[in-house]
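Hi everyone, thanks for coming. Please have a look at the structure on the screen while I walk you through it.

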Amino acid sequence: MRVPIACVVGWPIKHSRSPVIHRFWLNELRIVGDYVIKPVEPDKIAGFFKTFASGSFVGCNVTVPFKENAFAAVDSLEPAAKAIGAVNTIWVEDRKLRGDNTDAAGFLANLDQEAPGWDRYGGPAVVLGAGGAARAAVWALVGRGVAPIYLVNRTVARAEALALRFGKGVRPDDWAALPQLLDGARLLVNTTSLGMEGQPALPIDISPLSPHAVVTDLVYVPLETPLLAEARKRGLTTVDGLGMLLHQALPGFERWFGRRPRVTPELRRAVLETMVN
Ligand code: ATR
């Protein structure tokens, strides 16, 4: 029998944590298989997807900057991928490529695991940023019935375009409106790159948030961003971005290797160990 091997494709891609996650699960579940990094130059990506179904991989993850290429290349799309407009997980079925986007499911699973009951009040939520990560987070929140969702972005036109895609519950605005929008909000989500190592912190005052608010950051380097540190000091519930990275990996593993793994403290520790310089 052929040993199943999956990969992650991106460019540049040296620092991907995905092999650590999948190899941890393969080892834990005693599955003979592997998961490798596949760097592909941008001008070769179309050819890579074209021959993928007849190649040796059972599937792949797709990361920056190829999620939209993957969206265009697959033969069929799961509903999440269709709604988000990007594919991060591919598997081969009957020699055809099927594409999913597991970021939204990973985002929700992380909140459910780390802050159970976070959606009890249904909103309001404030989402910062309007890029690909925001698209996944907003689609996930809409699907959970969270409303209103205030979508705040430096470039308001991007927030407006995203809001149009997801309906009336999503309200675009600019940074200047934040003090009012945060007032009493139950959930704050950062999908921008601010707060990431080497980037400035988010320039916001979170004191107007509800005292019962949950604050989550998609940035996971550092694990505790300035935003999360401030929220924790204020006694709010915080959820870091590493959990989303781990949860979004799960559906792909299940498709490729046939078993459903779990996100555990041991897995978190194994991935964190690779982040210490
Ligand atoms: P991703 O796909 O990871 O979401 P992206 O599409 O590059 O990445 O989006 C990055 C987000 O971070 C955007 O919302 C961006 O705001 P703009 O749309 O105005 O560019 C936001 N962002 C990045 N740097 C920022 C900064 N210095 N101040 C405010 N927002 C910033």
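This is a predicted model: local features need pLDDT of at least 70, side-chain atom pairs count only at pLDDT 80 or more; totals for chains, interfaces and linings use all residues.

Let's begin with strand β1, residues 5–10, and strand β2, residues 34–39. They run parallel, and six bridges join them. Now follow the chain from β1 to β2, and you pass through helix α1, residues 18–28. This β-α-β crossover is right-handed.

Now let's zoom out. The protein is divided into domain 1, made of 5–101 + 248–276, and domain 2, which is 104–240. Their C-alpha centres lie 26 Å apart. Domain 1 brings 14 residues to the contact, and domain 2 brings twelve.

How much area is buried between domain 1 and domain 2? It is about 990 Å², with carbon and sulfur atoms giving 54% of that. On the domain 1 side, A83, I84 and R268 lose the most area to domain 2, and together they make up 46% of what that side buries.

What about charged and polar groups? Two salt bridges are found across this interface, along with five residue pairs in polar contact. Which elements of domain 1 supply at least two residues each to the side that touches domain 2? They are α4, residues 79–84, and α11, residues 265–273. Of the two, keep your eye on α4: with five residues, α4 gives the most to that side of domain 1.

That's my tour, and I'm happy to go back to any part of it.

Technical notes
Residues are numbered from 1 along each chain as its sequence is written. Side-chain values use heavy atoms; hydrogens and water are left out. Two strands pair if DSSP finds at least two bridges between them. Helices (H or I, at least four residues) and strands (E, at least two) are DSSP runs, numbered from the N terminus. A crossover is right-handed if, with the strands pointing away from the viewer, the path from the first strand over the helix to the second runs clockwise. Domain bounds come from an automatic or database domain assignment. Contact means heavy atoms within 4.5 Å. Buried area is the accessible area (1.4 Å probe) that two parts lose on being put together, summed over both. A salt bridge is a side-chain nitrogen of Lys or Arg within 4 Å of a carboxyl oxygen of Asp or Glu. A polar contact is a pair of N or O atoms within 3.5 Å; within protein, one must be able to donate a hydrogen and the other to accept it, and residues adjacent in sequence count only if both atoms are side-chain atoms.
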